[in-house]
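Trainee: I would like to work through this structure with you, starting with a sheet and then turning to the rings.

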Amino acid sequence: MKHRLSLLVVLGLLAGLMAPMALTAMAEAEVPEIEVMMSPWVSSPMPDYVDDPYNQWLNDTYGANFKLTASTEFDTEILLRFASNNAPDLVIFDNVTQLDKLYDEGVLLDDWTPYLDKLPNTMANVTDLAKQFFDRDGKMAAVPTAAGDQLFSFHIRKDWLDTLGLEAPDSPEALLEVLRAFTHNDPDGNGQDDTYGFTAAGGGTGSGELRNLLLLFGHPSFYVSNGEVSHPLLDGSFKEYLDFAKTLVDEGLIDPDWYTQGWNERKPNLFQGKFGLVWYPSEALLTETNEGRGGDGTVVDMYEIMDMPSGKLAPNGVIGTIRTVSAECGADAAKMDIICKLFEDTALPNADYYKLRYGYEIDGFIMKDLGGGSMYINKTDTTQFHACSNAIPESFPALWNWGKIVCSYADGYLAGAGEEPDEVVKKISELNQKWHQMDKYEEDYKILSADPSIQEESDRIMSEFEINYLLGNATDYDAFVEQWKNAAGNALLEDAEQTFKDYGLME
């Protein structure tokens with residue numbers, strides 16, 4: 001009898017011990033696993049011995065086990081994953097062609113509209129044009145981030161203008177005179193003939209930054225004018241650009257290696273200050289030049305964004321990062337709640353955007369608002385937030401891939417090595433603010449998604465004639481336009497017209 005009682009007591013104790021263990025196992029089993037799949041920014045894998053703080057932050061913050069699959073063969077692998085009924089949950093697409101291929105097969109979430117009431121901050125960053133871009137018969141096919149590109153513009157050597165007693169150019173003709181002076185009048189005062197008005201990096205395949213001079217004369221692509229679709233080849237602005245650019249080439253006002261050199265090959269002369277006008281984003285130009293000059297800070301007094309002497313700048317982006325989920329994930333209410341909360345919490349200007357995108361707080365960095373849309377992140381915090389590295393992505397840059405989930409180049413991010421921004425960072429912030437205030441061409445053309453093969457043929461014909469014209473090997477512009485129209489242009493015009501009508505941009 002005593003043995004039977006003892007056995008019952010033991011069994012009772014075991015049951016008491018096992019109950020919490022069973023509950024714990026059940027709780028762990030209920031934590032959703034959310035796989036995120038994308039084409040990576042950085043393809044190098046994370047070492048096995050390094051804990052991923054971004055992954056841990058996501059898991060802790062959103063109560064899920066996040067898994068990142070960054071495939072360098074994304075275009076192929078994403079199709080195989082869906083074809084084998086092994087779809088990831090959250091998918092980050094690089095372009096709308098990838099999205100539509102799977103959306104049309106019915107393997108993605110059919111419509112985000114029922115979830116929009118959970119995404120007010122997210123949708124506040126989505127323009128009406130972007131909403132139309134993702135409209136599929138009244139259904140919303142994806143949820144993009146805030147749109148934004150790198151802020152490219154023409155930067156002119158303000159110090160050279162002052163040295164030569166020149167005014168900022170207010171017309172293309174005045175700009176030519178300035179570029180002549182920059183080339184021939186020794187603006188750096190070293191007594192040598194070693195400066196040029198402009199520079200480009202064609203890499204042996206194209207005109208490089210020369211093509212951006214088109215912005216002085218007209219719209220960069222298809223646009224609606226007086227109820228019809230037009231294009232710079234048809235309105236004459238491309239010819240004006242070609243003649244202007246050819247003058248630079250013929251007179252030697254441009255870096256003589258403009259056609260053959262690559263982007264990085266040109267940098268040593270750029271950092272030495274050999275060019276009077278450059279096409280670059282302010283942040284990259286000032287940061288890289290300052291580093292190339294040994295961090296002496298002289299770049300602060302060198303460049304200003306040039307007010308366009310005619311024309312306008314190109315517009316910013318329209319759609320941002322393209323994000324959606326598999327149909328299977330869309331049917332899982334728990335996963336959708338987590339993903340909607342992730343989108344909403346990391347929508348600009350929320351601080352969690354900067355955490356996942358740049359490591360603010362996750363890597364121990366501090367952040368300060370500089371005003372005017374600029375956020376400064378100090379990347380030299382000394383708390384050693386993670387034992388393996390103070391700034392983990394600097395050592396293991398694949399960690400930045402997490403940031404692709406939320407990425408927008410409209411975030412105003414600036415980084416520095418001090419607790420307070422230095423003069424270079426302040427100047428970048430000032431120039432970025434000016435960029436946002438400048439006039440831009442209509443952004444409508446950025447919603448076009450014509451047949452890639454036709455677009456490639458158009459690009460080939462334009463680039464081939466452009467180079468030959470600039471080098472003096474072609475002169476018949478009218479024949480070139482007819483060739484372009486017959487081979488690709490007419491088809492692209494028809495596609496643009498239909499797209500603009502579908503989006504209500506023309507009747």
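Trainee: Which helix lies across E13, E14 and E15?

Mentor: Bear in mind that this is a predicted model. The helix in question covers residues 423-437 and runs at about 170 degrees to E15. Lying across E13, E14 and E15 is helix H17.

Trainee: Why is one side of E13 and of E15 left without a neighbour in the sheet?

Mentor: The sheet is open, with three strands in the order E13-E14-E15 and mixed pairing. Strand E13 (366-371) and strand E15 (413-416) therefore stand at the edges, and each has a single partner strand. From one strand to the next, the twist averages 30 degrees.

Trainee: How many bridges join E13 to E14?

Mentor: Strands of a sheet pair through backbone hydrogen bonds, either parallel or antiparallel. E13 and strand E14 (residues 374-378) run antiparallel. Asp-369, for example, has Met-375 in E14 as its bridge partner. The number of bridges joining E13 to E14 is five.

Trainee: Which ring does the charged end of Arg-323 sit over?

Mentor: A charge counts as over a ring only if it is within 6 Å of the ring centre and within 35 degrees of the ring normal. Arg-157 lies over the face of Tyr-303, at 5.7 Å from the ring centre. For Arg-323 the distance to the centre is 3.8 Å, and the ring is that of Phe-343.

Trainee: How many aromatic pairs does the count come to?

Mentor: Two rings pair if their centres lie within 6.5 Å. One aromatic cluster is formed by Tyr-54, Tyr-353, Tyr-354, Tyr-358, Trp-400 and Tyr-413. The count of aromatic pairs comes to 24.

Terms used
Residues are numbered from 1 along each chain as its sequence is written. This is a predicted model: local features need pLDDT of at least 70, side-chain atom pairs count only at pLDDT 80 or more; totals for chains, interfaces and linings use all residues. Side-chain values use heavy atoms; hydrogens and water are left out. Rings of Phe, Tyr and Trp (its six-membered ring) pair if their centres lie within 6.5 Å; planes under 30 degrees apart count as stacked, over 60 as edge-to-face and the rest as tilted. Two strands pair if DSSP finds at least two bridges between them. Helices (H or I, at least four residues) and strands (E, at least two) are DSSP runs, numbered from the N terminus. Axes are lines fitted to C-alpha atoms, for helices over the stretch in contact, and angles run from 0 to 180 degrees between N-to-C directions. Contact means heavy atoms within 4.5 Å.
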